[in-house]
Amino acid sequence: MSGQNGHDDVVLSERRGAVAILRINRPEARNALNAAVFDALNKHLAELRTEDSVRAIVLAGAGGVFCAGADITAFDALRADPLIGQRRASGGTLWADLENFPKPVIAAVEGLALGGGLELVLACDTSIVGQGARLGLPEVKLGVIPGGGGTQRLIRALGKPRAMALLLSGDLVTGTEAATLGLVGKVVDDDEVVEQAIALAQRISANSPLAVALAKDAALAAQTGSIAAGLEHEKRNFVYSLASDDSHEGQAAFVAKRSPNFTGR
């Protein structure tokens, strides 16, 4: 694998059919986040956003590690430019862009997902995690706090008591423990993580890309408003999907007992 379109090789890209796999590639630093990684991820996401042939994204790390968080050696640079990790791909921070990306994003977590690494996982739509992975927000042990949405998304994922225990202690949990807490989507054997994430992305990619995007959009509305507002949002998206070509194709394929040919329109 190698970077594409002149991107720095700190983020590698490959394709598996309609699935794009992005790998953070700084194994010598346990794939720690720095300005180069942020910039490369932003560039890839900006391109994949409008690439119709790609219907789902898998975010992984090279060398058996997902991401150990911010590069500690770059803390001085962060003090000089505290928004270095908030550079925009399409109108928001990297983490917000991941969360609001119009296509599904699945985190494939091997090894470590610490600090900003766990914040990446929380911003993805779901995650496949190895049993032996270690996840946590240990920033308080370094005299700082999470700065990529960790304090907000962890509470939403776990509820206050469990989130506060992890956030304020800086404790780490295994992949198995994270699944029990509801922090991750699914736990699998350590050597199956990436392939299982790709398999899930491929199953998603077989569905109507328009319906998938509208379902994700409606589900995200549940996090930001009242149930009444969310239901109204869902209703609008349902009516829109019902009038689509994909809806007619899905119905016709079901009746004819054949595989649908979705176009995203």
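This is a predicted model: local features need pLDDT of at least 70, side-chain atom pairs count only at pLDDT 80 or more; totals for chains, interfaces and linings use all residues.
Now look at how the two helices are placed. Helix 4 covers residues 116–123, and helix 5 covers residues 150–158. Their axes lie 10 Å apart. The packing angle is about 50°. Angles from 65 to 115 degrees would count as roughly perpendicular, and those under 35 as roughly parallel. Helix 4 and helix 5 are therefore oblique to each other. The crossing of helix 4 past helix 5 is left-handed.

How many of the residues of helix 4 are buried? The count is 8 of 8, so helix 4 is mostly covered. The buried residues include Gly116 and Gly117 at one end of the list and Leu122 and Ala123 at the other.

Helix 9 spans residues 209–221, and helix 10 spans residues 227–242. Their axes come within 9 Å and cross at roughly 175°. Angles over 145 degrees count as roughly antiparallel. That makes helix 9 roughly antiparallel to helix 10.

Which residues join this pair? From helix 9 come Leu210, Leu214, Asp217, Ala218 and Ala221. They meet His233, Glu234, Asn237, Tyr240 and Ser241 in helix 10. By class, this contact holds 5 nonpolar, 3 polar and 2 charged residues.

Is alanine 211 buried, partly exposed or exposed? Its relative accessibility is 36%, so alanine 211 counts as partly exposed. The limits that matter here are 20% and 50%, with partly exposed in between. The C-alpha atom of alanine 211 is 8.6 Å from that of phenylalanine 238. Along the chain, these two residues are 27 apart.

Finally, step back to the whole protein chain. It has 11 helices and 9 strands. Of its 265 residues, 46% are buried. Its accessible surface comes to about 12,800 Å². Carbon and sulfur atoms account for 55% of that surface. Among contacts between residues at least 6 apart in sequence, 66% join residues at least 24 apart.

Notes:
Residues are numbered from 1 along each chain as its sequence is written. Side-chain values use heavy atoms; hydrogens and water are left out. Helices (H or I, at least four residues) and strands (E, at least two) are DSSP runs, numbered from the N terminus. Buried means under 20% relative accessible area, exposed over 50%, partly exposed in between (1.4 Å probe, protein chains only). Axes are lines fitted to C-alpha atoms, for helices over the stretch in contact, and angles run from 0 to 180 degrees between N-to-C directions. A crossing is left-handed if the near helix is turned anticlockwise from the far one by less than a right angle, and right-handed if clockwise. Contact means heavy atoms within 4.5 Å. Accessible areas come from the Shrake-Rupley method with a 1.4 Å probe; for residues, only the protein chains shown count as cover. Ala, Val, Leu, Ile, Met, Phe, Trp, Tyr, Cys and Pro count as nonpolar, Asp, Glu, Lys and Arg as charged, and the others, Gly among them, as polar.
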